[in-house]
Structure formats: structure tokens, C-alpha cells
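Please look at the sequence and the structure shown below before reading on.

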Amino acid sequence: MYDFIIKNVRILDGTGAPWYRGSIAVKDGRIAQIGPAAGMNEPSGEVIDGEDRYLAPGFIDIHCHSDTSLLTYPQAESRILQGITTEIGGACGLSVAPVSRDPERKQMLKDYVGDLEYTWETIGQFLERMEEKKTSTNFGTAVGHGSIRLAAMGFDARKPTDTEMKHMKALLRQALEDGAFCLSSGLIYPPGCYADTDELAELCRELVPFGAFYETHMRDEGEGVVEAVKEALEIAERSGAPLQISHHKVTRKSVWQVHCRTTIALIEQARRRGLDVKADQYPYSASATTLDSNVPLWAFEGGVDAMLARLTDPQQRRQINEEANASHIGRWGDIFIAYVGSEKNQWTVGKSIEEIAEIRGVDPADACFDLVVEERCRVGEVNFGMCEEDIEYIMKQPFVMIGSDGEAVSLDYPGQPHPRWYGTFPRIIGRYCRERKLFPLETAIFKMTGLPAGRLGLQDRGLIREGMWADMVLFDFDTITDTPDYGKPKQPCEGIRRVYVNGVLTAENGRHTGARSGQILRRGKGEK
């Protein structure tokens, strides 16, 4: 018997092709048959009437940070309730492996990347730990350049020695053999920011024999974004590795509606030259990161403890404040606190740095950095910096897919995180497809399924095809809405009727069923 049949649905197959009416039969977690319900050649344990709604492949989040959260929140409500069935963590150069055996460097990783137990050393061991935990989503990971650099040379702001470069290459190869999908970089974050173009190009050459790609949070996403794209393209050209530009955006008002036209033209030109360049994007005008990202990068040399010591040294603090205030003219009021670890500072959540400075009677830089010190960097921010015109221009490009840059957490997660954690994918369909009419529904679904699956080399996910794993989302196009917003982000989205992961019903009408049927994914099953 089939496990179940979903009949009377409009099938969006994930390729961008026009939808068609049909029914789908599932057996042993896979799509067994597609066709009219009357033609299904086996009886079924359950028959679900889709009531002429749309059925799409489960959404694939190619850019997230769930490697730091899934062990704590394996049901992943923030993912499942918006239709995400597969996610790739380890983004922005900050993966939870490799882990150095040196206690000091291991603590640096714990302080900066995520406060986890780190009972593993390699990507492979981490993925085995994830398999033991059992998660609701399918999960794979990148390996972070910053984490590799930290394991090999700590937070030193210098070129690697020949020995250190050999060590980094060995760590990268091990991660790729373990099944990491790509090398990610975060060139605004230490220690990755201390790397030059030569170092990155040399490491990226290691990706080519594995068929892996280079994913980059570029060195600048504001006034220097054009030069940052040029650097990323140079790394791809010199190494031969495919390039994925992470969460492409322009974050300075002074260059809105100008620089994104240039960056897109550069990418198109590179693609015409034969470079495999793509990008991903989240559909919001605010970014989110840790509050310590406002500290000048030189202050991180030596790690978090060294940075905190500089913030508490009066002379160095004055220099840090001066640099930060100069670079944040007109911006402190756009930075809002999303999370703090301590009870005493919970009152700051949802307030801007300007508001906190006024309440405390201090300079905005002091308000920011006092929180960083008091919370030992465990502070999250939401930062408004993009315009809708740029968001839409980037989103329409055929090589741009969707990535939330969020995490797998629960509906009662502490703080006030960015709504992209909970609502990214329905927002694409409801706001930008249905309301703004940027592209047909088939294109929207392709950007969230077939396109990222192709980038990741997934052969059995991302499409509605017989033999594929039955990751599927049933939704109502007329009502699908990203109800999570900046004020109340921790909500399920409206209009998603059913979410299946590997053929198991995992969400129904905005409620998680408790199922944890996700699989741990490895690029090429760990083989070259």
C-alpha cells in the first residue's frame, strides 16, 4: 500500500515549469507516483484532499546558522512552520567545526561562534552527533573559513605561515571528505577578516576536486560593496571554484539604487565569461548579527577576551568609540537589540542604541560597547539599512535564490529575533509574488527549491518527481502570509496547510506535529 495519497492539488514541480493538476502517492518516504488519483495503482493508507491548493517541494534554505541551534531546538519550529524542510548551516565563515584540540582556541570558538559543548572535532563527528539527536529538518553544513583559520592560527591578524596554510588546507579537505557542501567565509568577522585575497584563492582551489563551491559574506556590503564583489569574483576566477554570494544587499543609504546595479552587472558579466556565480537573498530591509560587529576589527586580534580587555581599557576605549561613532553617523538609531543573555539587561530588547544611550545618559558608542562587555558578546542586533527598490532589483535576477540567514529555534525562543528566522519563504510568495507581482509563482518556487538544490548538488530533493524524497509543502496561495514581523517575530506563518519531511507529516495548519524525521545530508556522501 501507499503510505498516503494527496489528491486534487496544483503541482509546482520546482523547475519553474507551469503548474499542473494531479495527485501524488508516497511510499517509504519517497514520491512513488504522480498522476490522476483514479490512476493510482495501489490502495493507500490515507487519502488527503488538497482542495485545489498548491503543492510544492519543501523549501531549501541554502544559508542559515542552525548548526549553532539545532542541537538545542531539534524540532525547529522556526523552520518547519514556514515550509523549510532542508537547511544548510555553517554560513558566514562561522561553523561549529573544525574544533582545535588546543584548549585556548577551543574556548575562542565557544566564545565567538556558539556556546556549545563541542564534544566533536571534525565536521564528520558533528554530523554524527546531529544524527543521534534527530531533527525535524534535513540538515547539511558548510565549513567556515573563519573556524578553520581559528583552529590553525587563532585570532592573529597576519598572513599564515606555510605550515599554517598546510594545516588549513588539511582541515578543509577533511571537512569536504566528511560531506561539507562548501567553504563559507565571513570577511567582516574576525578571524576571517584578517585573510587576504591570496589566502582565500589558495584555499578555494581545494574545493574544485570535490565539486564544492565558495560561499562568501563579502568584505563590505555598504559603500565598498562593488569592490567586495570584484574580490569575490577574482577568488572564483583564480581558484576555479563556483561562487555563491551570500545575502546580497546594499546597506548604506548613500549608495542605494546605484551600487546594486553595478554589482548585478559585474555578476552577469562574469557569468557570460563562464564563471559559475550565483547569489542568495533574504527579503527584508534589516540585517541581523551580533552587537560586537560594531567593534572595529583590529580590536578583535587575540580573540574575544583580548577585545573585551581593550573595551575596558580607558585609552583604547576612547579610540574604539571615536572610530565607531565616525562610522555610525546616522546609524545608531537603526540598530535594535534582539537578544541579551542576562536578566538585568532584558529591558534593552527591542530598543535602539540611541534609546538605550538616552536612558543611560551616555554616548551611543558607550551604550553599545557597555552591553557587549556586560554580556560578554552574547548580544544580538537587528540593523535597518536596505531599501525596497534594491531588494526587489536583486530578487528578480534569475541567478538569485532565497536564504533566510536565520536559525532553527522554537516559538518561545528568548528575545526578539529577526522575523527572517520565522517568515522568509512565505514572504517571498505572499508579498513579492502575489502582491508585488515581481515574478510568477513558478519562479518563486524555483528560487526556493530547484535552484538551491542544483547549487548543492542534491539529486533527490528540491523537485516533485517520482523517486524523490517526499519533502513537500501544501499551501494556499491566496492567504499565505509572513505573519512574523519585527515586533512579534515568533509566530507561525499563515496559509501553510501541511509540511512533509521525508514523507512524514511534520506540520499541519500552523502546528508542529512533533515529528523529527529529518536526515543529515552530506555532499556526495563524503566522496570526491
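## About the model

This is a predicted model, in which local features need pLDDT of at least 70 and side-chain atom pairs count only at pLDDT 80 or more, while totals for chains, interfaces and linings use all residues. Residues are numbered from 1 along each chain as its sequence is written, and side-chain values use heavy atoms, with hydrogens and water left out.

## Cavities

Rolling a probe the size of a water molecule over the atoms shows where empty space is left. On a 1 Å grid over the protein atoms alone, a cavity is a set of points where a 1.4 Å probe fits but cannot get out, whereas a pocket is an open set with protein on both sides within 12 Å along at least five of seven lines; lining residues have an atom within 4 Å of a point. Grid points are joined across faces, edges and corners, and a volume is the space filled by probe spheres set on the points.

A search of the whole structure finds three cavities of 30 Å³ or more. The largest cavity holds about 50 Å³ of space, and the residues lining it include Pro57, Gly58, Arg461 and Trp469. Its lining has four nonpolar, four polar and two charged residues, where Ala, Val, Leu, Ile, Met, Phe, Trp, Tyr, Cys and Pro count as nonpolar, Asp, Glu, Lys and Arg as charged, and the others, Gly among them, as polar. The second largest cavity is lined by residues that include His247, His248, Tyr282 and Met386, and by class this lining has four nonpolar, three polar and one charged residues.

## The second largest pocket

The second largest pocket contains about 430 Å³ of space. It is lined by 21 residues, of which Leu458, Asp460, Arg522, Gly524 and Lys525 are the closest to its centre. Helix H16 (residues 450-456) gives the largest share of this lining, three residues; helices (H or I, at least four residues) and strands (E, at least two) are DSSP runs, numbered from the N terminus. By class, the pocket lining has eight nonpolar, six polar and seven charged residues.

## A sheet of three strands

Three strands form an open sheet in the order E6-E7-E8, with parallel pairing, and two strands pair if DSSP finds at least two bridges between them. Strand E6 (59-61) and strand E8 (138-141) are at the edges, each with a single partner strand, so one side of each has no neighbour in the sheet. E6 and strand E7 (residues 84-89) pair over three bridges, and phenylalanine 59 stands opposite isoleucine 84 in E7.

Which residues are joined by a cis peptide bond with omega of about 5°? They are alanine 97 and proline 98, and proline 98 is found in the loop between E7 and helix H2 (103-112). The peptide bond from proline 190 to proline 191 is also cis, with omega near 0°.

Asparagine 8, although not a glycine, has a positive phi of about 60°, and it lies in strand E1 (residues 4-11). At 35% relative accessibility, asparagine 8 counts as partly exposed, a class between buried (under 20% relative accessible area) and exposed (over 50%), found with a 1.4 Å probe on protein chains only. Tyrosine 118 has a positive phi near 55°, but tyrosine 118 is buried, with a relative accessible area of 3%.
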